[in-house]
Structures are given as C-alpha cells and as structure tokens.
Amino acid sequence: MNKLYIIVAALMLFCIPAYSQLTPEEVMATLPDLPTAAQMIAYETTQPNPELYNDFQQKLRQAQKQSQAMVDKSMGSLANDVKSATMKQKVAGTNVTNAQVMNMSEAERQEFAKSTILNGQLSSMGISTEDLKAIQSGKMSEDELASKMMAKQSGGLTTKDIQAMQNMTEAERIAFIQQSGLSESTQAAATKNKKAAASNAALIAVMQKITSLSGRITELTQKSIRLRDEANASGAELYVKNYKNRIETLMHELALLSDEEYNEAQVETKNKQIDQLKNEFYSKSIPVWRNAVISAMDVFRVEILPLQYELKQAYAKAYELTGNPEYMGSEQIPFQAAFAYLEAAGCIDKYDFVK
C-alpha cells in the first residue's frame, strides 16, 4: 500500500461530517491491504522486506485511529445526552430524580433506598406504610387490608364484592358492577392490567432477544479466536513432525565445523538445505495461517455484524419500552464488529510455529 491509500482514507474520513453517516462497513473499508502469502513466506526466508509487518501495522493503526476519532467526536455528544437523560430520570416509584439522589449524603441515600424499596413493594399491592402501622396498632383489620389490596387490583371492588359475585351469572355480575358505580373504574383497571401484561410480555421478549443475541455474538467471537489458534497449532505441529529435527540437525552440523575442518562448499550446501526446508515449511504453513486470519476477520464482517444490527434494534425497542438511558446509544453497537474486524487483521503477524 502506498501513500495514495493514506491520502484517500484520510479524505474519506474527513469528508464524513457526523457519526451517524459513518457506517461500520466504511470503517472496515479503511483496512490496508494485507501482506500477501508470497511476501510473508519471503519475510521468513529470504527477507526482501524486513519492514513488511511494521509497515502494515503502522497503516492499520492509522486507519483505526482515524475511524475512532470520528466515532469519538460524535459519541461525546451522545454520552452527554445519555448522562443528561439519566440524571433527569426519576427513581422508579418516586418523584425523586437521579440527580437529586446524587446530591444526597451517604446516610440519606441509604435511607432513601430502604424507603423506596419498601414503598415500591407496598404500592404495587395497593397498601402503604401507614396501612402497616394501622395493622400493627389494631386500627385496621386484616380483612380490611385484604379488601384494600383487592380494590387496588380490581378498580374498587372489595373482597366481599368478589365473594358475592362468585355465584352470579355473567349478566348479574355486569349489572352488579354497574349498580355499584364502579363500571368505569373496574374496566379501566382491567385495561390497565392488560396493557401492563402486554408491556411486560413485550419487554420480556426484547430482553430475551438481547440475551440471545449477546450470547451468540460471544460464541462467534470465540470462534474467531479459535480459527487462528487452530491454524497456529497446525503450523506448529507440521514443523515438529516434518521439519524441526532435520533443520536442527543441519544447524548442529554447521556448528561442529571447526576452523581446521572449515569447508566453504559444505557450509554453503548445508545452508541451502536449511533454507530449502524453511521455504518448504513456510510455503505450507503461511497460506493456512493467512487464510485463518481472513476467516477470523470475516466472522465479524459476515456473521457478527448482522447480529449487532439486530441487537441495535433490540436496544432501541428496550429504550422505547422502558425509557431507561441504559439502552440509549444503540447506534454504536454495530461499530463494535467493525473495529473488531480491524483488530483481527492486526493478528496477521502473530503466528508462532517454531518453538
């Protein structure tokens, strides 16, 4: 790759004005050309280009740096949006914001946490801490408490009402509710319960999808690593099985040649034999390794990236359902695959066949 690549890549990134316009595919496209198999084999034998890997890694780092700078520039604004939304969000079941909680003392926070948890649990059942105190003091009976809890769930019907309706026909139940004046409230309660159930079901489905997608992405990431590990192990096994002893024997024979016994022709012959064996070995192992690196890269490009687009949608849906800032910023998710793709390319010179 020459200077033209650097200029074109820099111009391409410079001309992208916002993070939302920079796609994961464009980040992947900044990858400089990988060293060819022939260049890699030559590097290990005749070494016509000792800077082969250094040059590639330098270009790769520049591509990563330029892409990351564009992402960081936009993510700075997104991070502020997330922080602002988080601080404005009220603690569930209260009118207190997260910002207000942050300004509390440690003792106040602990007390607030205890009361929030308790009040939230009681409120969901239709009772309050005052009701508990009334029960303890005897001002409220257990039956009265049960009726209050029932009324919360049903829209005003007490336990006595429910018991009375058990032996009624459907028409009689409707008439009873209408006569009690609770027709609208009970219908509203039923609708609210149905909506809550539907919302909970939707959220559960989204969370299950997030968990499933995240698990699959983790598995595929391990697959990418495994592809390289297997290729490296294959090369090491090939070396030990067919080349190690032969090369080491020739090198030992060279070392044994004393000054008195020095024979230039013999030395040249043995060096040629060693070079031939090395060239033969690397000609077999390097292509396998290089293909494994490319396959490991393609795991992120072909398999993980589509899953991360799905994960992005799932996070957006979770934010829609909950309003939780934790699920904001889903736009950044697919870029994880793009940068992992570039990082995987950086492993091109990480083989370790000869030990």
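Tutor: Glutamine 308 counts as buried, at 4% relative accessibility. Buried means under 20% relative accessible area, exposed means over 50%, and partly exposed lies in between, for a 1.4 Å probe and protein chains only. The model is predicted, with local features needing pLDDT of at least 70 and side-chain atom pairs pLDDT 80 or more, while totals for chains, interfaces and linings use all residues. Residues are numbered from 1 along each chain as its sequence is written, and side-chain values use heavy atoms, without hydrogens and water.

Glutamine 308 belongs to helix H13, which spans residues 264-322. Helices are DSSP runs of H or I with at least four residues, strands are runs of E with at least two, and both are numbered from the N terminus. Residues up to four places away in sequence set aside, glutamine 308 touches Ile217, Ile333, Pro334, Gln336 and Ala337; contact means heavy atoms within 4.5 Å. Serine 214 is 94 residues away along the chain, yet its C-alpha atom and that of glutamine 308 are separated by 8.5 Å.

The axes of H13 and H14 come within 7 Å and cross at roughly 170 degrees. Here the axes are lines fitted to C-alpha atoms, for helices over the stretch in contact, and angles run from 0 to 180 degrees between N-to-C directions. H13 is therefore roughly antiparallel to H14. Angles over 145 degrees count as roughly antiparallel, under 35 as roughly parallel, 65 to 115 as roughly perpendicular, and the rest as oblique. On the H13 side the contact includes Val293, Met297, Phe300, Ile304, Gln308 and Tyr315; among the residues they meet in H14 are Ile333, Pro334, Gln336, Ala337 and Ala344. By class, the contact of H13 with H14 has 15 nonpolar, 2 polar and 3 charged residues. Ala, Val, Leu, Ile, Met, Phe, Trp, Tyr, Cys and Pro count as nonpolar, Asp, Glu, Lys and Arg as charged, and the others, Gly among them, as polar.

Helix H14 covers residues 333-345, and it is largely enclosed by the rest of the structure, because 11 of its 13 residues are buried. Among those buried residues are Ile333, Pro334 and Ala337, each of which is also touched by glutamine 308.

Valine 293 is another residue of H13, and it takes part in the contact with H14. Its relative accessibility is 0%, so valine 293 counts as buried. Apart from neighbours within four places in sequence, valine 293 is in contact with Arg228, Ala344, Cys347 and Ile348. Between valine 293 and arginine 228 there are 65 residues of separation along the chain, but their C-alpha atoms are separated by 6.0 Å.

H13 also meets other helices. Helix H12, residues 244-256, packs with H13 at an angle of about 160 degrees, the axes being 10 Å apart. H12 is therefore roughly antiparallel to H13. Residues of H12 in this contact include Ile247, Leu250, Met251 and Leu254, and those of H13 include Val267, Ile274 and Leu277. The contact of H12 with H13 comprises, by class, 7 nonpolar, 2 polar and 4 charged residues.

Helix H3, residues 37-44, is a further partner, with its axis coming within 9 Å of that of H13 and crossing at roughly 135 degrees. H3 is therefore oblique to H13. The residues that make this contact are Ala37, Met40, Ile41 and Glu44 of H3, with Asn279, Tyr282, Ser283, Ile286, Trp289 and Arg290 of H13. Of these, 6 are nonpolar, 2 polar and 2 charged.

Finally, the whole chain gives the setting. The protein chain has 14 helices and 0 strands. Buried residues make up 32% of its 355 residues. Of the contacts between residues at least 6 apart in sequence, 71% join residues at least 24 apart. The pair valine 293 and Arg228, in contact and 65 residues apart along the chain, illustrates such a link.
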